[in-house]
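I opened the model today and kept notes as I went. Confidence comes before geometry.

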Amino acid sequence: MSLSLAFHGAAECVTGSCALVAFDGGRFLVDCGLFQGSKSLKALNYDPFPFDVSSIDAVFLTHAHIDHSGLLPKLVRAGYRGPIYATRATRDLCEVMLADAAEIQEGDVAHLNRRNQRRGVDPVEPIYTVADVAPTLRLFQTVKFGELIEPLPGVQARWWPAGHLLGAASIEVVVMDDGKPVRLLFSGDLGSGHQPLLPSPDGPVGVDHVILESTYGDRVREDLTPEARQRILTEEVRQAKAAGGPLLMPAFAVGRAQELILDLLAVMRDAPELAGDIFLDSPLAIEATDVFLRRGWNVEADENPYLELRHAPRLHYLMRPQESDGLERLRDWHVILAGSGMCDAGRIRRHLKRLLWRRETTVLITGFQAAGTLGRVLLEGRRFVRIQGDDVRVNARIRQMDAYSAHADAVGLTAWLKAREPVAGKVFLVHGEPDARLGLAARLSAAGRHEQTIISPGLDQAYALTPSAAEPLEGDGRLTPGVAGRPDWRNGRAELLGDINEALQGAPDDAAREALIARLRTALGLSPRLNVAAALAQAFTSEGQGRSKQGGSHETGADRRPPARS
C-alpha cells in the first residue's frame, strides 16, 4: 500500500485546512490554509511545514477563504514552484485575499515588535510579506466546474460546486495505486443549499473515501427563506437603533460582507425609519466586491445579484486608514461592517476597542467563531476582554444571528453525504471542533453508516489507503491531542485577568482590594506585597511610641506631616 493521506490542518479544529496525498507517482496538497483561533494554533503558522516542501508536486485549492488558502505564499516562500489548481473565481479572490493577509501580518508584526522592544523581547518575522504574493499568483492554473484534468501522471481531478462561496468547490480525485484507482472526495466547505446568491452543492456518486467538513455537525439550523432572514435582520437593526447605536458588525470580507450589505439595503428600503449610513470599513471586502461584480453571475438565478452594490447611495467604502479613523467622530445612527469576521485581526479590533465599553453600541455577530478567538470570547459573555494589550470592559449589547452561515448544518451535511453513496471506504470528519465532529458522527451512525467507517483524525495523523480501508500510520503530531480544538492557557490568562479586574473594581473599599490581592499572591506562592501606606503608618507609630517613653513628642503617625511650604 503506497497511497497515504495525512491531515496537517483542520483536524480537531476548524482552521488551517491542509491534506497531503502521497503515492508512488507523486505528492499533492488539498488546500494550504492559515490557522486561526488560540495562540497555540496560530504559532503553527510560523513553524516549518510538517512535510518536505520540495517533494510537493501540485496543490488543489477548494476555495479562497484564508483558512484554506492563507499559507500558500509561505509554501512558495519555502521553495514551492508547482501549479496551484483552482476555479477562476477562487483565483481572483485569492489575488485580493492573500495580499490583504500579507499586509495584516506585516502590520500586526510591526505592532507586536514595538511592544516586544519595550519588553526586551526579540523581534519576530511575518509569516510572509506582500512580496511573496505575486509569485504565488503566477502559479495558479484555473479549472472549470465539471472539467476533468490530469494534473499529475496517475491522477485525475474534477471540481464540483460546493455552494459555500463564489468559486468554492468540492474536489474529486482519482489516484492510481498499484494499477487500481482509488477515488477520494474532498468536500471543502459545503453551503446549505439554500443560499439565494450561490449554487447548490453537488458532487459525484460512488467514491471510495470522503473527507467531509463538520463545522456545524452538531447543529440543526432553521431553514429560512431570504424574506424571513431579512425580517430577523430588521428586528436586530431596529433594536440596535433604539439602543442608541452604532451597529457594529464583524464580517467575513469575502461573501458574508456582500450578503449582509444587500440585506441591509433591503431592510432600509422597506423600513425607511431605520435608514442610515452603512460603512464598509474593509479594503479586502471592497476589493472582493469588485470580484463579485465581475464573477458573480448565478446560473441558477440567471442574474448577477451583486450589481446593486455598485451604486448604492447609503453605502460608503472606506479604503484608507484615515477614513476609518474618521468614524470616531460620528454620533448619528450608522452601521459599520469591518473585518475580520472572528475579530482576530484587521480594523474590527480598533472599533471594538473604542466602542465595546459604550452601552449604546450593538455588536451583531453573524458567522462562526473558532475557539480562542475574540469573537468567541464575546459570545461567551466575558465582561472584560483584552484588545491590543489593553483591558476593555464589555458594556455593549452582544447579539448573534445564525441565519447567514455559509456552512451546511448537520442535516445538510448528512444529506450531501447520502447523495454521494455508495461510499465504499471511510468518511473522515475534518474542519470541526470536537463537539461538532461527535455530533455529526452520531447523526451519520443513526442514518445507517457503521460507526467503524467514520474517522475523526488528529492533527498530523496519516493513514494508508486502499479502495475500502484506511490504516493509521505511526507519527507524532505538532500538538498534544485535543489541544487544537479548545482555548489555550493564554485565553485562560486573559479571562483570569479580566475576572481579577472586575473583582477588584467591585470590591467595597481599598482594604478589601488589598486583602484580595494578598490572597491571590498567597495562592500563587508569591511573597506578600509591601503595603507602603501601612508600613509608613507603622513606622511613624513606632517612632512616636519610642519618643513618648523617652519624654519626647506625643505626635502620632497620622499627625506627623512635613511643614507646609511658604
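**Confidence.** pLDDT is the predictor's confidence in each residue, from 0 to 100. I am working with a predicted model, where local features need pLDDT of at least 70, side-chain atom pairs count only at pLDDT 80 or more, and totals for chains, interfaces and linings use all residues. Residues are numbered from 1 along each chain as its sequence is written, and side-chain values use heavy atoms, with hydrogens and water left out. I read an average pLDDT of 88 for the protein chain, with 92% of the residues at 70 or above. Where does pLDDT stay under 50? I found that stretch at residues 543-566. The model gives these residues twelve contacts (heavy atoms within 4.5 Å) beyond four places in sequence.

**Salt bridges.** I count a side-chain nitrogen of Lys or Arg within 4 Å of a carboxyl oxygen of Asp or Glu. The structure holds 30 of them. I looked up Asp132 with Arg77, whose closest N and O atoms are 3.5 Å apart. This pair links distant parts of the chain, 55 residues apart. Asp132 sits in the loop between H4 and helix H5 (133-137), while Arg77 belongs to helix H3 (residues 72-77). Helices here are DSSP runs of H or I, at least four residues, and strands are runs of E, at least two, numbered from the N terminus.

**Backbone.** I checked omega next. Gly245 to Pro246 is a cis peptide bond, with omega near 5°. Pro246 is in the loop between helix H6 (226-242) and strand E12 (247-250). Gly339 to Ser340 is also cis, with omega near 15°. I placed Ser340 in the loop between strand E15 (334-338) and helix H10 (348-355). Asp31 has a positive phi, near 75°, and is not a glycine. Asp31 lies in the loop between strand E3 (26-30) and helix H1 (39-42).
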